[in-house]
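Hello,

My notes on a few places in it follow.

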Amino acid sequence: MIQKETVQTASPAETEGGGFSWRLLAWFAGCIAICYAPVIVELVQQWMTDDDFAHAPFAPIVAAYIIWDKRAGLKSTPLRGANWGLALVLCAALLALAGSMLESRFLPRSAFLLSTVGAVIYLRGTATVRKLAFALLLL
């Protein structure tokens, strides 16, 4: 009889004590904010000048509230970060590069969301993305 051995890999965001690494989260958030700063500034400028997007400044606030409201459920979600989340962040970077070369507005904005999802997958896993899907889609 052959026994299969399951290897439990730790999340990249786990500390040695088994808790969540807020330092790594801050590093990812800072890198994404710096890389996508021109996209975010352009997006906010459009929100402030275009009447069709008058509701848009409330979307990040509502998304943040939804995430805050689900914090108890997120604490109970096991940390199962996946390395392919980094591949998703890399694909998002290439998408943003293509968007800037093509002078597109849609591609870099989509890349921002894709890199955010990729970072969450890398740090926390797909279960967290499933729990935060509505909040992430609001962005």
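The buried residues of helix α3 pack against α8 (133–138). This is a predicted model. The buried residues in question are Ala59, Ala63 and Ile66. Because they cover an arc of only 60° around the axis, they sit on the same side of α3. On the face of α3 turned away from that buried side are the exposed residues Phe58 and Ile61. Helix α3 itself runs over residues 58–69, 12 residues in total. From its first C-alpha to its last, α3 reaches 16 Å, close to the 16 Å expected at 1.5 Å a residue.

Next, Gln46. Its place is in helix α2, residues 37–49. Is Gln46 buried or exposed? Its relative accessible area is 15%, and buried means under 20%, so Gln46 counts as buried. Which residues does Gln46 contact, leaving aside its neighbours within four places in sequence? They are Phe53, Arg105 and Arg109. With Arg109 there is also a polar contact, side chain to side chain, at 2.8 Å.

Leu95 has a relative accessible area of 26%, so it is partly exposed, a term used for values between 20% and 50%. Leaving aside neighbours within four places in sequence, Leu95 is in contact with Leu107, Ser110 and Ala111. Leu95 and Pro108 are 13 residues apart in sequence, and their C-alpha atoms are 6.7 Å apart in space.

Regards

Conventions: Residues are numbered from 1 along each chain as its sequence is written. This is a predicted model: local features need pLDDT of at least 70, side-chain atom pairs count only at pLDDT 80 or more; totals for chains, interfaces and linings use all residues. Side-chain values use heavy atoms; hydrogens and water are left out. Buried means under 20% relative accessible area, exposed over 50%, partly exposed in between (1.4 Å probe, protein chains only). Contact means heavy atoms within 4.5 Å. Helices (H or I, at least four residues) and strands (E, at least two) are DSSP runs, numbered from the N terminus. A polar contact is a pair of N or O atoms within 3.5 Å; within protein, one must be able to donate a hydrogen and the other to accept it, and residues adjacent in sequence count only if both atoms are side-chain atoms. The expected span of a helix is 1.5 Å times one less than its number of residues. The arc is that of the directions from the helix axis to the C-beta atoms.
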